[in-house]
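Please read the following briefing alongside the sequence and the model. It is grouped by topic.

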Amino acid sequence: MLLPHPRTGTPFPSPVPPGSGWPGDPADASTPVAKTAAQVRRLASRAASVDELDALISVCRACPRLVKWREEVAVAKRKSFADQPYWGRPATGLGDDEPGIFIVGLAPAAHGANRTGRVFTGDRSGDFLFAALHRAGLANQAMCVDAADGMQLIDTRMAAAVRCAPPANAPTPVERATCAPWLQAEWRLTGPSVRVVIALGGFAWRAALELIGSDIKPAPKFGHGATATLTSDFGAVTVLGCFHPSQQNTFTGRLTPAMLDDIFVTAKRMVAQANGNEPDRS
């Protein structure tokens with residue numbers, strides 16, 4: 001069954017086939033499809049550009065449970081989105097190819113990025129996050145409705161450690177390990193310019209430490225506002241912890257807009273200092 005995209009009006013099936021015209025789709029029918037963990041490692045290691053990597057990520061089918069779940073959700077849909085097509089594929093990174101700030105999250109939401117095709121878009125967590133990015137001057141707008149709404153990040157890139165929406169928001173250790181080479185490849189391609197990695201939640205904190213290759217023992221402990229300055233292949237990088245903007249955290253006040261604003265202001269200041277554009281005021 002074909003349904004119109006909520007912004008463009010173009011009809012699509014759910015899930016959306018690569019190369020069929022979905023806004024921002026980086027792949028086409030000829031893009032190689034990873035179907036095993038070994039193929040993920042091989043294709044990720046060979047990606048020569050962010051665009052090529054995004055295309056490969058967007059068609060990955062290496063985790064059978066996640067593929068089954070994301071596609072079942074795309075067909076069943078949530079009642080409030082029953083008149084829309086669902087992306088139903090992995091969510092790529094979003095933002096600058098040479099960012100100063102790299103934001104790492106856990107995984108796409110079943111009715112958020114799994115529906116819209118853009119990471120952190122289409123649910124209340126994304127609304128909370130993009131509004132704060134806009135207030136901090138790291139996004140051109142606060143609205144994050146769909147992949148064609150004009151959202152652009154400024155000196156910032158964001159990506160999920162796991163690229164497919166998992167059942168109960170809980171990927172297995174094997175699924176996390178299978179997906180990890182995609183994030184590692186994204187770091188290889190964008191990491192030279194990154195000065196601050198913002199980790200949204202404890203899992204993202206661990207993923208960020210692994211990504212940078214930290215061998216500090218004991219590992220730095222996660223907390224909101226926690227920092228760990230590490231030496232990467234590209235130089236010094238500071239990992240900055242932030243509570244995840246989940247509804248559980250934002251509705252209870254564990255994470256407030258002011259707290260998130262402070263994280264982004266701090267990250268911008270750290271980037272400016274690392275690039276020699278602002279004196280250290282600590």
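The mean positions of the 29 positive and 25 negative charges of the chain lie 7 Å apart, where Lys and Arg count as positive, Asp and Glu as negative, and His and the chain ends are not counted. Each charge is placed at NZ of Lys, CZ of Arg, CG of Asp or CD of Glu. This is a predicted model, in which local features need pLDDT of at least 70 and side-chain atom pairs count only at pLDDT 80 or more, while totals for chains, interfaces and linings use all residues. Residues are numbered from 1 along each chain as its sequence is written, and side-chain values use heavy atoms, with hydrogens and water left out.

**Overall form**
- The C-alpha trace of the chain spans about 60 × 40 × 30 Å along its principal axes.
- The chain contains 9 helices and 8 strands, taken as DSSP runs (H or I of at least four residues for helices, E of at least two for strands) and numbered from the N terminus.

**Surface and burial**
- Of the 282 residues, 52% count as buried, meaning under 20% relative accessible area with a 1.4 Å probe and protein chains only.
- The accessible surface, from the Shrake-Rupley method with a 1.4 Å probe, comes to about 12400 Å², of which 53% belongs to carbon and sulfur atoms.

**Cysteines**
- A search of the whole structure finds 0 disulfides, a disulfide being a pair of cysteine sulfur atoms within 2.5 Å.
- The cysteine sulfur nearest to that of Cys-60 belongs to Cys-63, 6.4 Å away, which is too far for a bond.
- Cys-60 counts as buried because its relative accessibility is 10%, and Cys-63 counts as buried at 12%.

Technical notes: Buried means under 20% relative accessible area, exposed over 50%, partly exposed in between (1.4 Å probe, protein chains only).
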